[in-house]
Amino acid sequence: MDATWRFVSLLTAVLNRLLALGLAGTLIYDLVRELPAGEPTLLARGVDLVTSQPVPSLVVAAVIVVLNLNVVQFSLYSLSQTPARAFITSRAPGGTTRIALSAIQRALRATAGQVPEIARAKVRARRVGRNRYQIHVRYLVRDVRNAGTAAEHLRLVLKKRFSELVVLDPKDRVDFDLDLAGIVRVDGAPPEPKKLQAPPDVMSTESFKGPVYPVESEIT
């Protein structure tokens, strides 16, 4: 349902741009071109075509108005937020249990906070299809040295915790999407300035000699 809502929103934006570009192109074409006497402009031809087909033109205009008023988008968004979509079904041999996605979010957020490499994490659990769920995590790591392995460690920990909370049907699918938002220094101290290496000592092959002064010739 979320994908359908996004598709309708994208379709509305593309349609509005095409209409704006088409109208602007028609006006520019009529202004630039030199029309023979008595020949109607391209814009006038378009208006005549619309008025000659009132029913199809009215339907197209109504569709454009409804899309721009976000009526369809709002309806799809409301359906995506129904109580049936706010829960996930856990299946066990003795029966089924409905677990709120908000409860899963809180449990996974608490689990992510216990991972040593993670400084802070925001977790969002939602249904993106009939049998598909998404766990989106936006997190900060404590040290740049742990940034490379923190994502995989966090993913494994969250998957294990999720499997403890929910027993999914074999056809269900859960995606764990992780976004690294930043790196937090543990000590909070500013980074040390980079020190330039001292140039290597250059040993001269010539022995050191003192200053040479002019010597007056002996007076005979």
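Which residues in α5 are buried? In this predicted model, the buried positions of the helix are L101, I104, Q105, A107, L108, T111 and A112. These buried residues of α5 pack against several other elements of the chain, namely the strands β1 (87-92), β2 (95-100), β3 (118-129) and β4 (132-141), together with the helix α6 (147-165). The length of α5 can also be checked against expectation: at 1.5 Å a residue, the 13 residues of this helix (residues 101-113) should span 18 Å, and because its end C-alpha atoms are 18 Å apart, the model agrees with that value.

Of the 220 residues in the chain, 23% are buried. The chain exposes about 16,600 Å², of which 62% is supplied by carbon and sulfur atoms. When contacts with a separation of 6 or more are considered, residues 24 or more positions apart account for 57% of them.

Three of the strands form an open sheet, in which the order is β3-β4-β5 and the pairing is mixed. The strands β3 and β5 (173-183) stand at the edges of this sheet, and each has a single partner strand, so one side of each is left without a neighbour in the sheet. On average, and with direction ignored, neighbouring strands of the sheet are turned by 15° against each other.

The strands β4 and β5, by contrast, pair in the parallel sense, over 10 bridges, and here L140 has G182 in β5 as its bridge partner.

Two helices pack on this sheet. The helix α5 touches β3 and β4, and its direction makes about 155° with that of β3. The helix α6 touches β3, β4 and β5, and its direction makes about 145° with that of β5. As noted above, α6 is also among the elements against which the buried residues of α5 pack.

Notes: Residues numbered from 1 in each chain as written. Predicted model: local features only at pLDDT ≥ 70, side-chain atom pairs only at ≥ 80, totals over all residues. Heavy atoms only, no water. Helix = DSSP H or I, 4+ residues; strand = E, 2+ residues; numbered from the N terminus. Expected span 1.5 Å × (residues − 1). Buried < 20%, exposed > 50% of the residue type's maximum accessible area, 1.4 Å probe, protein only. Contact = heavy atoms within 4.5 Å. Areas by Shrake-Rupley, 256 points an atom, 1.4 Å probe, with all protein chains shown as cover. Pairing = 2+ DSSP bridges. Axes fitted to C-alpha atoms, helices over the stretch in contact; angles between N-to-C directions.
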